[in-house]
Amino acid sequence: MKSLWKRLRRRIESELQISFIDKDEIESLKYIANPLNYMQPYNAEKVALANELYAKLQDETIHIDELDSIQEQVEKLKL
């Protein structure tokens, strides 16, 4: 069922040019994924993950499926 929903969202995005992405949500995720948040105290693992996620969030062509994945990974930074 989950994969069907993902395919449907992707199709709607491409065929109807409708975006399911909330710009405020992206900004919130960028705030959490900012690598500077994990410099003091330094946490190498979180800095590496934050760098990766922050770079993905900078891409303005991000798709909803990618955003879902990023949201899941951002949860690891909160621990």
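Biologist: How many salt bridges does a search of the whole structure find?

Modeller: Bear in mind that this is a predicted model, where local features need pLDDT of at least 70, side-chain atom pairs count only at pLDDT 80 or more, and totals for chains, interfaces and linings use all residues. Residues are numbered from 1 along each chain as its sequence is written, and side-chain values use heavy atoms, with hydrogens and water left out. For a salt bridge, a side-chain nitrogen of Lys or Arg has to sit within 4 Å of a carboxyl oxygen of Asp or Glu. Searching the whole structure that way, the number of salt bridges is four.

Biologist: What is the N to O distance where Lys56 and Glu52 meet in a salt bridge?

Modeller: Lys56 and Glu52 are four residues apart in helix α3, so about one helical turn separates them. Lys56 is partly exposed at 36% relative accessibility, and Glu52 is partly exposed at 39%. Their N to O distance is 3.3 Å.

Biologist: Which residue forms a salt bridge with Lys78?

Modeller: Look three residues away in helix α4, about one helical turn from Lys78. The residue there is partly exposed, with a relative accessible area of 42%, and the closest N and O atoms are 3.2 Å apart. It's Glu75.

Biologist: Which residues does Arg10 touch, not counting residues up to four places away in sequence?

Modeller: Arg10 lies in helix α1 and counts as partly exposed because its relative accessibility is 34%. Taking contact as heavy atoms within 4.5 Å, and leaving out those sequence neighbours, Arg10 touches His63 and Asp65.

Biologist: Is Asp65 buried or exposed?

Modeller: Asp65 lies in helix α4, residues 64-78. Beyond four places in sequence, Asp65 touches Lys6, Arg9 and Arg10. At 16% relative accessibility, Asp65 counts as buried.

Biologist: Which residues make the nonpolar surface patch of about 270 Å²?

Modeller: Patch members need over 30% relative accessible area and no salt bridge; like charges are joined within 9 Å and nonpolar side chains (Val, Leu, Ile, Met, Phe, Trp, Tyr) within 5 Å. Phe20 lies in the loop between α1 (2-16) and α2 (23-33) and is partly exposed at 35%. The patch is made by Leu16, Ile18 and Phe20.

Biologist: How far apart are the C-alpha atoms of Arg10 and Phe20?

Modeller: Arg10 is in helix α1, whereas Phe20 is in the loop between α1 and α2. Along the chain they are 10 residues apart, and their C-alpha separation is 9.6 Å.

Biologist: What is the peptide bond from Gln40 to Pro41, cis or trans?

Modeller: Most peptide bonds are trans. Pro41 lies in the loop between α2 and α3 (44-58), and Gln40 lies in that loop as well. Omega for the bond is near -5°, making it cis.

Biologist: How far apart are the C-alpha atoms of Gln40 and His63?

Modeller: Gln40 is exposed because its relative accessible area is 75%. Gln40 and His63 are 23 residues apart along the chain, with their C-alpha atoms separated by 32 Å.

Biologist: What percentage of the 79 residues in the chain is buried?

Modeller: Along its principal axes the C-alpha trace spans about 45 × 25 × 15 Å. Among contacts between residues at least 6 apart in sequence, 57% join residues at least 24 apart. The buried share of the 79 residues is 32%.

Methods: Areas by Shrake-Rupley, 256 points an atom, 1.4 Å probe, with all protein chains shown as cover. Helix = DSSP H or I, 4+ residues; strand = E, 2+ residues; numbered from the N terminus. Buried < 20%, exposed > 50% of the residue type's maximum accessible area, 1.4 Å probe, protein only.
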